[in-house]
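Biologist: I have a model open on my screen and would like to learn how to read it. Could you take me through a few features?

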Amino acid sequence: MRIANLSGRLTLLTDTGAVDVERASAGRFGPDPTAVYQDWAEFAEWARGAALPAGAAYDETDLGAAVPEPAQVFAIGLNYREHAIESGLDFPVEPPVFTKFRTSLAGPVGELELPTDTVDWEAELVVVIGKTARDVAAGDAWEYVAGLTVGQDFSERTRQLVPPAPQFSLGKSFPGFSPVGPAVVTLDELDDPSDLEISAAIDGDQVQHSRTSGLIFSIPVLIERLSAVLPLLPGDLIFTGTPSGVGGGMNPKRFLQAGEEIVTRIEGLGELRQKCVPGKRHTTASAS
Ligand code: ZN
């Protein structure tokens, strides 16, 4: 199944269109697209068996962040070998973890305001947690996953990499820097959830192209390592890292420009589309 946030309401996307969950379930499940993960097992069972009404047409610009108010958002750095190489950094022994503050979450289709001239892209597979995970072994970890979705880890490189103490979390948390969607896709919809084609293209020019089977730390291993430190909560998001092909790794470096459209795609999950526009508070990187 595909679970979306349509105009702030929990929605199933079916072959015929959008089905509002609160109405289709006669109020058994509420309209909150984040709270449903508290009730995930019961909801999933209902959604699989329910005789749903025909879906309604919808405008994809009305889709919000697939999970708009997660308690925690984790993001993993350097999780593909080629990306570590292009970043000039060693392969990690433990997953490097930061957060993307949740006010940066955005819907799958819309505008991206560029706060500076050094905004980069990072196509990422995003995991949505379906039940509280604490000290979970990798072998059991898929049971804690509600589904997968497409994410972008937009990154303002000047702030992110400012010496002497890099600011990963802030540099990746400007408004709109974390679009996720178009829907949370459950694992049964995918032939192999650990091997999906992932790509990003700018105005049709493919800049990233890889497979999620190239992750250094797989989804189960990430859940094991994170849950060894703290509990993962229902609805939490894990941005799993980006493959090679980011602009900061190019020679010369390339960053997003106003007017460009970036499309981020993952096999079986769908795509994100952001049109870049100048930020209202735009500064040049050298002035920051
Ligand atoms: Zn990233």
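Modeller: We will go through the metal site, the cores, a sheet and some aromatic rings. This is a predicted model, where local features need pLDDT of at least 70, side-chain atom pairs count only at pLDDT 80 or more, and totals for chains, interfaces and linings use all residues. Residues are numbered from 1 along each chain as its sequence is written, and side-chain values use heavy atoms, with hydrogens and water left out.

Biologist: Which residues are the protein donors of the zinc ion?

Modeller: Donors are N, O and S atoms within 2.8 Å of the metal (3.2 Å for Na, K and Ca); water is not among the atoms, so sites may look incomplete. Here the protein donors are Glu 122 (OE), Glu 124 (OE) and Asp 153 (OD), at 1.9 to 2.0 Å from the zinc ion. Along the chain, their spacing reads E-x1-E-x28-D. Glu 122 sits in the loop between β8 (119–120) and β9 (123–129), and Asp 153 in the loop between β10 (145–152) and β11 (155–156), so the pair ties together parts that are 31 residues apart in sequence. Strands here are DSSP runs of E, at least two residues, and helices are runs of H or I, at least four, numbered from the N terminus.

Biologist: Are Glu 122 and Asp 153 buried or exposed?

Modeller: Buried means under 20% relative accessible area, exposed over 50%, and partly exposed in between (1.4 Å probe, protein chains only). Both Glu 122 and Asp 153 are buried.

Biologist: Which residues touch the most other members of the largest nonpolar core?

Modeller: In soluble globular proteins, nonpolar side chains tend to be buried together. A nonpolar core is a set of buried Ala, Val, Leu, Ile, Met, Phe, Trp, Tyr and Cys residues joined through side-chain atoms within 4.5 Å. The largest has 41 residues, and those touching the most other members include Leu 112, Leu 148 and Ile 238. Another core, of 28 residues, lies apart from it and has Ile 3 and Trp 46 among its members.

Biologist: What is the strand order in the open sheet?

Modeller: Two strands pair if DSSP finds at least two bridges between them. The five strands run β7-β17-β16-β13-β14, with mixed pairing. β7 and β17 pair in the parallel sense over six bridges, and Leu 112 has Cys 276 in β17 as its bridge partner.

Biologist: Which residues form the aromatic cluster?

Modeller: Rings of Phe, Tyr and Trp (its six-membered ring) pair if their centres lie within 6.5 Å; planes under 30 degrees apart count as stacked, over 60 as edge-to-face and the rest as tilted. The cluster consists of Phe 29, Tyr 37, Trp 40, Phe 43 and Trp 46.
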